[in-house]
Amino acid sequence: MRTIKKITCIGAGYVGGPTMSVVAQRCPEIEVTIVDSNTARIAAWNDSDLSNLPVYEPGLDEVVAEARGRNLFFSADVDKAIEEADMIFISVNTPTKTYGKGKGQAADLKFIELCARQIAAVATSDKIVVEKSTLPVRTAEALKSILHNTGNDVKFHILSNPEFLAEGTAVHDLQNPDRVLIGGEDDDAIQALVDIYSHWVPREKIITTNLWSSELSKLVANAFLAQRVSSINAISELCEVTGADVNEVSRAIGMDSRIGPKFLKASVGFGGSCFQKDILNLVYIARTYNLHAVADYWEQVILLNDHQKVRFAENIIKTLYNTVNGKKIAFLGWAFKKDTNDTRESAAIYVADHLLNEEAEVVVYDPKVSAEQIYKDLDYLGTRSPEDNRRLVTIATDPYEAMRDAHAIAVLTEWDEFMSYDWAKIKAGMKKPSFVFDGRKLLNRKQLEELGFVYYAIGE
Ligand code: NAD
Ligand code: UGA
């Protein structure tokens with residue numbers, strides 16, 4: 001039976017950082033080192049001012065404060081951390097490929113392969129290598145092939161341990177997971193990882209299975225969650241033309257214990273780094289096996305999501321008398337959901353892009369997202385020059401400033417603070433008529449209409 005004394009995690013991002021911080025907090029006798037090739041990110045994790053951590057998650061600063069310097073370390077020395085570890089988690093990014101075969105659908109595994117090759121080159125003692133990143137089914141085969149052909153006598157065992165945390169609630173999700181999933185072939189290696197999670201997770205919530213079931217379950221979990229959002233978003237459009245209210249429909253169907261109440265909130269469209277990427281990956285795998293009906297079925301979840309973002313933007317244009325040219329539209333929120341500074345694939349980016357094509361003047365306020373990030377997101381689309389993005393888009397640090405003189409307000413993220421604003425004051429400072437387009441069904445229709453706003457919400 002092997003005892004794990006030292007863990008290394010490659011990748012100090014939204015998953016590696018919080019996940020390994022919680023492991024270190026809960027397992028004080030294990031030394032945990034998180035490494036990353038991005039030295040600026042490592043410096044931010046080591047910043048003495050905890051408000052500068054590179055990932056914003058409620059409660060994360062306390063976890064880091066407790067463990068950092070005790071048994072939690074952040075480092076850019078990847079080789080040293082690999083060499084010293086008994087167990088190595090790979091938690092690097094696995095984005096959608098932007099080139100070559102599978103472009104736009106398949107997962108790009110170059111970062112995973114680089115990690116495997118670096119581990120193979122550096123390791124001089126036996127290691128358990130854990131896939132923490134979300135990977136296409138059968139990736140472990142490629143990892144095995146690279147690691148087992150090093151030519152030295154080092155033995156590697158590969159485990160799949162996908163992460164199910166959601167951003168904004170990552171610390172809570174890690175402390176109280178619905179389940180922990182471990183796939184593998186070697187009982188001792190599996191047990192070593194079970195022992196780590198058993199420090200705080202009840203044993204009946206730790207599921208062990210084979211590698212391929214574990215890898216595939218992660219993609220399927222995200223596909224099912226995204227499918228629920230697209231399903232309710234499809235119904236939101238039907239509600240808008242029939243006079244039904246999508247919240248009422250969600251409430252009525254959610255009380256059926258077979259359906260359940262969660263993940264039935266209509267929105268401007270799901271964002272985040274993973275739903276779209278993982279479904280596209282599932283679609284790609286299905287097509288690779290010539291399962292075209294399966295691929296088409298899941299692809300529809302993405303198509304409906306794209307439709308939802310476009311129709312939100314087009315409703316703004318149509319309502320503002322078919323032109324937004326030169327009109328100021330204030331965006332409340334840019335992050336893909338509340339309580340995170342992550343903007344990857346946020347619906348706000350695509351709604352803004354659509355309005356900017358019509359020469360709207362967009363002013364963005366988000367409590368946690370930097371101006372630099374917002375411009376980066378828009379520039380990345382390549383729709384217009386960086387100069388034009390800066391000409392048309394302004395970033396406000398004060399929400400009232402963002403909304404002053406606006407023709408319309410668009411709510412893109414469900415930040416709690418938006419609900420408690422002084423809406424009478426906002427109304428007084430806006431152009432008339434004053435429109436609100438609520439992509440999150442967050443604000444109080446009655447209150448806003450009494451103040452004289454023209455209020456539109458998704459699914460009403
Ligand atoms: P991220 O981009 O925030 O972090 C990945 C980090 O890996 C980056 O800091 C990058 O510099 C580093 N990296 C890449 N290649 C490296 C290498 N060869 N050596 C050292 N460092 C390297 O990504 P993330 O959001 O943390 O996601 C990581 C994985 O976890 C993905 O596969 C994702 O699908 C999965 N996942 C993400 C979430 C989430 O909420 N973000 C949840 C569950 C699973
Ligand atoms: C999601 C999953 O929930 C996690 O289990 C998974 O680990 C993670 O993806 C991943 O693999 O990356 P995350 O994307 O962080 O987590 O956040 P979610 O809470 O799932 O929200 C995703 C998007 O769907 C957000 O834009 C959110 O606003 C939207 N959403 C969610 C809705 O529009 N309606 C809902 O009812 C729920």
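Analyst: The buried residues of α13 are covered by elements that include α12 (292-319), β9 (328-332), β10 (361-365), α14 (371-381), α15 (386-392) and β11 (393-395). Contact here means heavy atoms within 4.5 Å, and buried means under 20% relative accessible area, with exposed over 50% and partly exposed in between (1.4 Å probe, protein chains only). Helices (H or I, at least four residues) and strands (E, at least two) are DSSP runs, numbered from the N terminus.

This is a predicted model, in which local features need pLDDT of at least 70 and side-chain atom pairs count only at pLDDT 80 or more, while totals for chains, interfaces and linings use all residues. Residues are numbered from 1 along each chain as its sequence is written, chains are lettered from A and ligands numbered from 1 in the order in which they are written, and side-chain values use heavy atoms, with hydrogens and water left out.

Helix α13 covers residues 347-357, and eight of its 11 residues are buried, so the rest of the structure largely encloses it. The buried residues are A347, A348, I349, V351, A352, D353, L355 and L356. An α-helix has 3.6 residues a turn, so residues three or four places apart point the same way. After α13 comes E359, which has a positive phi, near 65°.

As for the whole, the protein has 18 helices and 14 strands. Its radius of gyration, taken over C-alpha atoms, is 24 Å, close to the 23 Å given for 460 residues by the globule rule (2.2 Å times the number of residues to the power 0.38), so the protein is as compact as a globular protein of that length. The C-alpha trace spans about 75 × 50 × 45 Å along its principal axes. Of the 460 residues, 53% count as buried. Of the contacts between residues at least 6 apart in sequence, 75% join residues at least 24 apart.

Rings of Phe, Tyr and Trp (its six-membered ring) pair if their centres lie within 6.5 Å; planes under 30 degrees apart count as stacked, over 60 as edge-to-face and the rest as tilted. The count by this rule is 14 aromatic pairs. In one of them, F270 and F275 have ring centres 5.5 Å apart and planes at 80°, so this pair is edge-to-face. F270 and F275 are both buried. Y421 and W423 make a tilted pair, 6.2 Å centre to centre with 40° between the planes, and both are buried.
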